[in-house]
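I opened my notebook to get to know a new structure, one residue at first and then the whole. Come along and look things up with me.

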Amino acid sequence: MKIIMLGAPGAGKGTQAKMIAEKYGIPHISTGDIFRANIKQGTPLGMEAKGFMDKGQLVPDILTVKILLDRVSDDDCKNGYVLDGFPRTIPQAEVLENALNEMGDKVDFAIDVDVPDENIVRRMGGRRACVTCGATYHIEHVPPKKEGICDKCGSELILRDDDKPETVKNRLAVYHEQTSPLKDFYNKKGILKTVDGTRDMMEVFGAITDILG
Ligand code: AP5
Ligand code: MG
């Protein structure tokens, strides 16, 4: 099963993708997590991506596409995967479609986690992310057991640089301009499914598993 998560920054794509990956036994692939891991390790890719991410802009397709295509050709992706944060532009969606076509394959579901902008800005300030394993928490909705420490790996939790209010506004603008046209793209292919992302996260997950079966 090949699944794409669509939705604004902070809509809950990552939260839902992790649960989907666990339930269906497929890898969760987040281009944002891959970039953050590279930034942390100080790789050339990370250095280049950081400049764009800190401003709330998209990393250029040319860098992003190669990373994603490399990752989905790994052995653990044979039975499918859930993509979180990719594609984010029409050209990215086309590259993925062409690559899958060549293997006689296709995306099965594009799930749009729908949350209005006003809710997003409130959510982001409360998010905390693990610097090591990428797990996310929310100071009100999903607090860690010990403040500031990741339950899963014991590392420090931080407010992401791009979760500052000014950058969140830029990310939302970029989302509306470059990423939301993907809803139409997948709707035309008959695989777009929309879930109300303002509900409790387990209710959102229930709506998604009803769709995936
Ligand atoms: P990325 O890491 O993908 O960030 P994003 O799309 O901005 O999304 P987020 O990770 O911020 O939000 P999310 O939807 O995963 O929400 P979450 O589950 O954490 O990308 C970062 C940057 O990398 C981009 O800006 C870009 O520069 C670059 N990039 C990445 N991919 C790229 C690509 N393909 N092309 C070009 N550039 C790319 O939830 C948010 C918070 O809300 C959490 O605290 C969570 O606990 C809480 N929450 C979740 N669900 C609920 C709920 N139902 N109720 C209440 N709270 C909830
Ligand atoms: Mg995320």
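Predicted model: local features only at pLDDT ≥ 70, side-chain atom pairs only at ≥ 80, totals over all residues.

Next I asked myself: is Q92 buried or exposed? Its relative accessibility is 2%, so Q92 counts as buried, the cut-off for that being under 20%.

I then looked up where Q92 sits, and found this residue in helix α5, which covers residues 90-102.

I also checked Q92 against L182. They are 90 residues apart in sequence, and I read 9.9 Å between their C-alpha atoms in space.

Then I turned to the whole protein. I noted nine helices and eight strands.

How many of the residues count as buried? I got 46% of the 213 residues.

For overall dimensions, I noted that the C-alpha trace spans about 45 × 40 × 35 Å along the principal axes. The radius of gyration is 16 Å, which agrees with the value near 17 Å that a compact globule of 213 residues would have.

My last entry is on charge. I listed 29 positive and 33 negative side chains, and the centres of the two sets lie 2 Å apart.

How values were computed:
Residues numbered from 1 in each chain as written. Chains lettered and ligands numbered in written order. Heavy atoms only, no water. Helix = DSSP H or I, 4+ residues; strand = E, 2+ residues; numbered from the N terminus. Rg over C-alpha atoms; globule rule 2.2 N^0.38 Å. Buried < 20%, exposed > 50% of the residue type's maximum accessible area, 1.4 Å probe, protein only. Lys, Arg positive; Asp, Glu negative; His and termini not counted. Charge placed at Lys NZ, Arg CZ, Asp CG, Glu CD.
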